[in-house]
Amino acid sequence: MYAAVRIEYSGSVAPNGSSGNVTSADVNWFPPPCWYAPYLGAKDFKKEMSAKIKDAASAPGMTGTPGAAIGQTKAHYEDGFGWEDHPGYEDYNVAKDGEGMFWAGVENLNEPDVLKRSSCTELPFWVDNGEVPPPRYERAITPEILAALAYQHMELPGIEVTIAPAETTKVNLPTWAWLDKTDFHKVQATASINVPGFALSATTTAKPVSLKLEPGTPDAETYPASGECTFDDDGSIGEPYAKGKADQNPPCGIKYLHPSGDGTFNLQATITWDIAWTGTGTGGAGGDLPNGTFENAQAVTVQEIQAVNR
């Protein structure tokens with residue numbers, strides 16, 4: 001049984017609940033594959049859960065261990081049967097209807113690994129209004145989980161690096177590259193959940209910090225040598241080419257050492273974004289998330305400089 005409470009997304013997010021275009025720079029960090037969230041009030045839960053238990057009990061082959069498990073589940077919600085740190089409920093907690101909700105697992109539908117996605121297998125459990133789930137439910141929804149989901153759905157602006165000479169450059173001629181300050185700014189995405197007696201929200205903010213250029217061929221040099229250009233104080237990166245600077249080295253750019261022949265080189269531009277979050281509700285202070293990246297390739301033609309022999 002999985003909770004159907006929707007998480008609402010706003011801000012710069014991908015449409016229709018799909019994943020955004022930001023990639024974590026930390027290959028070991030992933031959004032949560034599943035979590036626990038508010039599901040139904042006591043009366044609605046009784047109606048749904050009792051019907052599921054009845055259907056399961058009447059299914060063919062429900063004897064032995066499977067039948068015993070169904071019987072324990074029924075006793076858990078109807079007769080107060082509990083175990084270890086899982087207290088039971090009398091009549092599905094109907095006497096407390098309106099004072100809290102049953103929580104259940106939620107699958108992250110953007111998680112490709114089905115086993116991970118379906119790993120929140122705890123039976124639905126009750127949480128009073130204004131309270132948080134017991135610590136044993138480590139995957140219970142928190143602002144930090146919402147922040148990670150906002151990160152997963154965040155949509156960053158596209159990259160089109162301005163270069164000079166534009167599109168076609170020459171061998172051994174410094175090619176200037178830059179991004180105008182109006183092209184890049186902070187991007188925010190918010191994830192929130194709001195049901196009776198329970199509300200949480202988190203906003204994830206991405207701030208561009210650097211541009212890395214990869215020429216698309218080893219026969220090239222980058223400026224600076226690392227190929228990583230940082231943002232200036234005014235929010236721009238690099239410097240636009242101006243007449244008279246053809247013989248100067250650009251603060252951000254490339255020098256191709258060989259022509260591209262009949263084809264082109266794929267200039268790869270990758271923006272690195274600093275990611276942080278703030279949240280509301282219990283545990284909603286905020287913190288940092290792994291840096292994000294977004295990349296784009298554009299074709300560059302490199303020609304030989306034609307010389308005239310006299």
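How many helices and strands does the secondary structure of the chain come to? I counted four helices and 16 strands. Helices (H or I, at least four residues) and strands (E, at least two) are DSSP runs, numbered from the N terminus.

**Ground rules.** I am reading a predicted model, where local features need pLDDT of at least 70, side-chain atom pairs count only at pLDDT 80 or more, and totals for chains, interfaces and linings use all residues. Residues are numbered from 1 along each chain as its sequence is written, and side-chain values use heavy atoms, with hydrogens and water left out.

**Overall form.** I then boxed the C-alpha atoms along the principal axes and got roughly 105 × 40 × 30 Å.

**Burial and surface.** How much of the chain counts as buried? I found 43% of the 310 residues in that class. Buried means under 20% relative accessible area, exposed over 50%, and partly exposed in between (1.4 Å probe, protein chains only). The chain exposes about 16400 Å², and carbon and sulfur atoms supply 50% of that area. These areas come from the Shrake-Rupley method with a 1.4 Å probe; for residues, only the protein chains shown count as cover.

I checked how far apart in sequence the contacting residues are. Of the contacts with a separation of 6 or more, 74% are between residues 24 or more positions apart. Contact means heavy atoms within 4.5 Å. For charge, I noted 21 positive and 40 negative side chains. The centres of the two sets lie 3 Å apart. Lys and Arg count as positive and Asp and Glu as negative, while His and the chain ends are not counted. Each charge is placed at NZ of Lys, CZ of Arg, CG of Asp or CD of Glu.

**Helix 4.** Why do I call helix 4 largely enclosed by the rest of the structure? Ten of the eleven residues in this helix (residues 143-153) are buried, so the rest of the structure largely encloses it. I list Pro143, Ile145, Leu146, Ala147, Ala148, Leu149, Ala150, Tyr151, Gln152 and His153 as buried there.

**Disulfides.** How many disulfides does the rule give? The count is two, taking a disulfide as a pair of cysteine sulfur atoms within 2.5 Å.

I took Cys34 and Cys120 to start with. Their sulfurs are 2.1 Å apart. The S-S torsion is about 85°, so this disulfide is right-handed. Cys34 sits in strand 3 (residues 34-40) and Cys120 in the loop between helix 3 (114-117) and strand 5 (125-128), so the pair ties together parts that are 86 residues apart in sequence. Both Cys34 and Cys120 are buried.

Then I turned to Cys229 and Cys252. The S to S distance of this disulfide is 2.1 Å. Its torsion is about 90°, so the Cys229 and Cys252 bond is right-handed. The pair links distant parts of the chain, 23 residues apart: Cys229 is in strand 12, and Cys252 is in the loop between strand 13 (237-238) and strand 14 (253-256). Both Cys229 and Cys252 are buried. With the bonded cysteines numbered in sequence order, I read the pairing as 1-2, 3-4.

**Backbone exceptions.** Most residues other than glycine have a negative phi, and most peptide bonds are trans. I looked for departures.

- A cis peptide bond joins Ala164 and Pro165, with omega about 0°. Pro165 is in the loop between strand 6 (162-164) and strand 7 (168-170).
- Tyr223 and Pro224 are also joined by a cis peptide bond, with omega about -5°. Pro224 is in the loop between strand 11 (220-223) and strand 12 (228-230).
- Asp91 is not a glycine, yet its phi is positive, about 50°. I placed Asp91 in the loop between helix 2 (64-78) and strand 4 (100-107). Asp91 is partly exposed, at a relative accessible area of 35%.
- Asn172 has a positive phi near 65°. Its loop runs between strand 7 and strand 8 (175-179). At 48% relative accessibility, Asn172 is partly exposed.

**Leu123.** Which residues is Leu123 in contact with, leaving aside its neighbours within four places in sequence? I found Thr73, His76, Tyr77 and Trp83. Leu123 is in the loop between helix 3 and strand 5. Leu123 and His76 are 47 residues apart in sequence and 9.8 Å apart in space, C-alpha to C-alpha. Leu123 counts as partly exposed at 30% relative accessibility.
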